[in-house]
Every structure is written in structure tokens, then in C-alpha cells.
Amino acid sequence: MAVSPSVRINVSGARGVRGAASGPLGLGSVDAEAITNDPSEQGAILDKLGLTSPAGAGMVGFSHASDYPAGTLGRKGRDYISVKDAPFNAVGDGDTDDTAAFAAAINFCLANKKALYIPGGNKYRIASRITVTMPNPAVGPMATWAFSRLTIFGDGMDNTEVFCPSNGFLRVVGSSQQHSVDLTGFSVTAGTAGGNTAIEMDCGAYPFFGEWTAKSVIRLHFRGSDGINNVFFWGTAVEAIDWSNIDFSHSMFDGASTPAGTGVITRSNAGEFVCVFDFTAVHFRFLALGYRYGTGSQSANLNACFFAMNNTDVYAPEGGVNHQGLSITNSDCFKFAPGDGVYIACSVPNFVFSGNRWAVHAGYRGVAMDIVNQASIIGNQFFPDTDPNTAVSAIDIDGTVSGSHCLIDDNNFASTTFGARLKSGSSNVRFGPGNVYTEGMTLVEDAGAGNRIGALLASPAAKIGYVAGAGATVTQATSKTTGVTINTPVGQIITHDAALPGGSAARFTVTNSAVKATDIVTVLAQNGDYEAKAFDIADGSFRIALKNDTGASLSNAVTLNFAIVSGAAA
């Protein structure tokens, strides 16, 4: 008797079985000391696995028309169909138009609650975009929750290709947040230089509080059919309209060699809200825009993403409403062309930017916010994409929503003109003591009102003071009583050189957004025989008295060094 090596056959979740559901099949395993060439012995093993029994797995003479018991391979096989099965008969040679085959197969799967399998090693040509309408799910009390599902899967992003020479691939029309769309394991390639949307999902309804929302998954590779970083690209890879709860994890979005294409757009046509978008470990490469966080978008999380971008990485557009919660964490960004990194042009409450390594392009900004509404920018590393670098700033803040706050701390700023620019409309921004920077750049410029620049630190010599770049200098314009404006917590005021009689004092007002009424302001004259002190300390201003301590008139431009120490009400 011829004997083969000892083999263990385990059919719990066998790799060759593909379907919408997953998990053990409950068929157990066969331990054989030896498997012989004897047909009767081989048949016994097949019988034990249930592969030949009509009531078993039914993989011999398998038919989609047959009804197999739950938990068998036959039942698993019936959960999905192949786009190459009759009567669909997709060819997959890259030349034959498979649009009709895909459309018929997708609609069959929706009607019969099956998944659609796209076999690998093939290139399927879709000449015109396929539009499908999701069946209406059951909607009602929790006990009757149900959903409708569209599942399409391939044999891997690099093994299964859906090629669209002149149009998009798929438009899914829904009517409820209880639709689920799962698209995984294949690439969708464009045959034109932009202008089309690969996948559009339009729900036409927004979630109300208390409604159960189905989860959708898009885990695909979007690129030009001529390869990565070439001529062809998608105008937009995915646009989700009034569609919530989408997992984009591990997808790849590729553009072209020039700034071209958008990765993902989420938005609400109704101006309401769409929520929960997961972008874990997503690649955005060679695009003009990675993610457009459109009107109504809420709870978007970009974690461990990679941006190798030609322009803007993430954009919340001007005029956007009903935003809530945008988080960008533990991600890397590299720049190949001009553009801001993250641009928030509207109010986005609860914006978190933390733990990122972010390149700043020459002449642009790393994080730019037209208006801040509760934001935290903590623990990031900002670095130049060119050397030497002429980037404007790592962080730019134009304005602040009344009553909100922004915390900027523990960031590493390298070789940008400014670490942060807080413009005249900003307020309640706390620039913390943990921020560090490269020598020769300005750590922070503060032209706002009520911002707190807390750059105090202990030096090796055990002195307490402000780091370089935390201050500024201003010069009196016309006389020693002319008021000045300087919005830093430390700095120098150079007085006018007008004569000051012996024993007399000149007083002037310093407008300063960093000072509060409870603070302590210290002022010292650096040159000449003068005595200086601060008084009338209020929110946003204090006054300085400069006294000539001699009996003769003095005409000096006196340098006054001042520092604000944060105090507290009793």
C-alpha cells in the first residue's frame, strides 16, 4: 500500500471558502496517520468531511440552486456568487465590456441577499457607471431592526482590478441609514485624467438620534490604470452623501504626477449631519486633496495615515455647518508641491491634531484655521519639506469662536518662519510651555486678544524665564507719553528720545492682549539713570511710569525690559 506523509485536514474556516459571513464551519477535522491512494479509503475521508453527502457540504456537484444545511461548505458557497458564473459570464480580459455582467450580478445579489465575488487575476472593463438602488430595509422598534446589504469582494487589491476607461464604477442610491455597503479586496482604476467619481454613495436620508446605523466598509485601492503617480487619476475616488458609519481603513488613494484628484468627500446635501468615518492606516498619495470634510460631517478619525501629497491633506470648506469632531492622530505627511497641510476654513468643534509628523511646504502652513472652536494641537513634529525652508508657519490661527479655547503644547517646530501665528481675531489660545523650536526662528507671534503664551521654563542655571522667541520689541512713535501695543508676555519697549526733566516722570499705556488684571508686570530700565514701574494693570493693558532719577534733563531712548508673570485672584 502506497503511503503519503501524515496530513491533518482542518476545515474550520478553510481559506478557499469565500462569502459574506465568516467563522468556523463546525465540520471539525480529520487526523490521518496516512492517506492512501486506495479510492475506498479516500472516499471514507471525504464522507467524514461531508463533502459527498447530499445533506453535507455538497462541494461535489455543487449548485447555487441547491439548498444545503446551515454550517456546511455548501451553505457557505451559496452565500456568494461569482461575477463569472452563468448567466452573468463576466470575461475579465480588460478588453471585453463587462458592464452588463456586473450590473446583472449586483442586482441579483441584492435581490437574493448574496455577496458578489470578483475572481482575481483578471481585469474587468466597466464602460459606463453602474447605478444600483438599495432595497428598502425594515425600519421600526429596536426588536425589528433590519438592514439591506451590498457586498462585493475580490482576491486582493493587487490581484483583482475593475478598470473604468471613461466613467466611474458604481453609484449606490439608498433611502435609509440602515443600508450597508461592503466593498473590499480589489482595485478600481481610472482610464482618464480626472473628471469622474469612482464610487458615489447617496443615501438621501440622515440619521436621527436613536436610530440604528448600519456599518459600511470600503477597503480598496483607487488609482490610474497606467499605474501610480502617472497621468490617469480619479476626479474623486469616493463621495459619500448623507451616508454615515463608513470604515475606510487600509484603503489606498492615489492621484497623478501633478496635483490632481480628491480621495474622499463626506457631506450632507440636507445640511444635517453624517457621522462616524474611520480612516485607520489609509494611504493618500499624489492627490490635490486627501479628505474633504464637508458640511454636516462629524466624528471623523484619521489615525496612523500616510499622506504623500501634492497639495492640501485635509480640508473643512468655508461655509460648512453642523461639523463636530475631527481627529488626526499618529500620522505622517510629506509634501511634493505647494499647499497647506490641514486647512480648517469653518467652525469645527473638537478638532484634535496630535502625535503627527507633518511636513510644511515652503510658503505655506502646516495647520491653518480660519476659526477655532475647541481645538487641541499637542505633541506634533513639524519639519520642512525643503532645506532651507521658507514655510510661513507650522500653525496659523485667524479667529476664535466666542467662549471656546485652543491648546497648543508639546510640539516640536523645526525651521519654519513661525512656530505659531495667532492673528488679530484669535483669543483664548493657550500656547503652552512644552513647545520647542529650532534656534533662529520665531516660536510664536501673538496679535490676538486674551491669548496665553506660557513659554516659561527652568534653565540649567536654575533661572526662570521665557524662551527666546516668546517676546517682541516696539518703539514709541512721537513722545515719551505715546502709548504702544505689544502682544507678547515678555519684550522690550524703546522709548522716544524726547527730553525728560530731572526728577520728573513720563507715563504711557501699553496695550497687551497677554496681560490679565491679576497678573504681575515687572519693568526695568536697561540704560540711563531711570526708574521704571508698571501700574494700572487690567485685562489687556497696563501703564508704565518712567522717572528721571537725576537733577538734570535727560534725552535718552530708554530700553525698557518687561515681563508678565501669571497671577491669580485671591
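**Notes on the model**

1. The protein chain exposes about 23,400 Å², and carbon and sulfur atoms supply 52% of that area. The model is a predicted one, and the values in the points below should be read with that in mind. Of the 570 residues in the protein chain, 49% count as buried.

2. As for secondary structure, the protein chain has three helices and 49 strands. Among contacts in the protein chain with a separation of 6 or more, 72% are accounted for by residues 24 or more positions apart.

3. The count of aromatic pairs comes to 24. One of them joins F222 and F253, whose ring centres are 5.2 Å apart and whose planes meet at 5°, so this pair is stacked, given that planes under 30 degrees apart count as such. Since F222 belongs to strand β13 (residues 216–224) and F253 to strand β16 (residues 252–254), the pair ties together parts that are 31 residues apart in sequence. Both F222 and F253 are buried.

4. A second case to look at is the aromatic pair formed by F279 and F284, which is tilted, with 6.3 Å from centre to centre and 40° between the planes.

5. The charged end of K123 sits over the ring of F163, at 4.4 Å from the ring centre, and the charged end of R365 sits over the ring of Y343, at 5.6 Å from the ring centre.

6. Which residues does F102 touch, if those up to four places away in sequence are not counted? They are V83, A90, I118, Y124, I126, I130, V162 and F169. F102 itself is found in helix α3 (residues 99–112), and because its relative accessibility is 0%, F102 counts as buried, the cut-off for that term being under 20%. The C-alpha atoms of F102 and K84 are separated by 9.2 Å, and these two residues are 18 residues apart along the chain.

Conventions. Residues numbered from 1 in each chain as written. Predicted model: local features only at pLDDT ≥ 70, side-chain atom pairs only at ≥ 80, totals over all residues. Heavy atoms only, no water. Phe/Tyr/Trp six-rings, centres within 6.5 Å; stacked < 30°, edge-to-face > 60°. Helix = DSSP H or I, 4+ residues; strand = E, 2+ residues; numbered from the N terminus. Buried < 20%, exposed > 50% of the residue type's maximum accessible area, 1.4 Å probe, protein only. Lys NZ or Arg CZ within 6 Å of the ring centre and 35° of its normal. Contact = heavy atoms within 4.5 Å. Areas by Shrake-Rupley, 256 points an atom, 1.4 Å probe, with all protein chains shown as cover.
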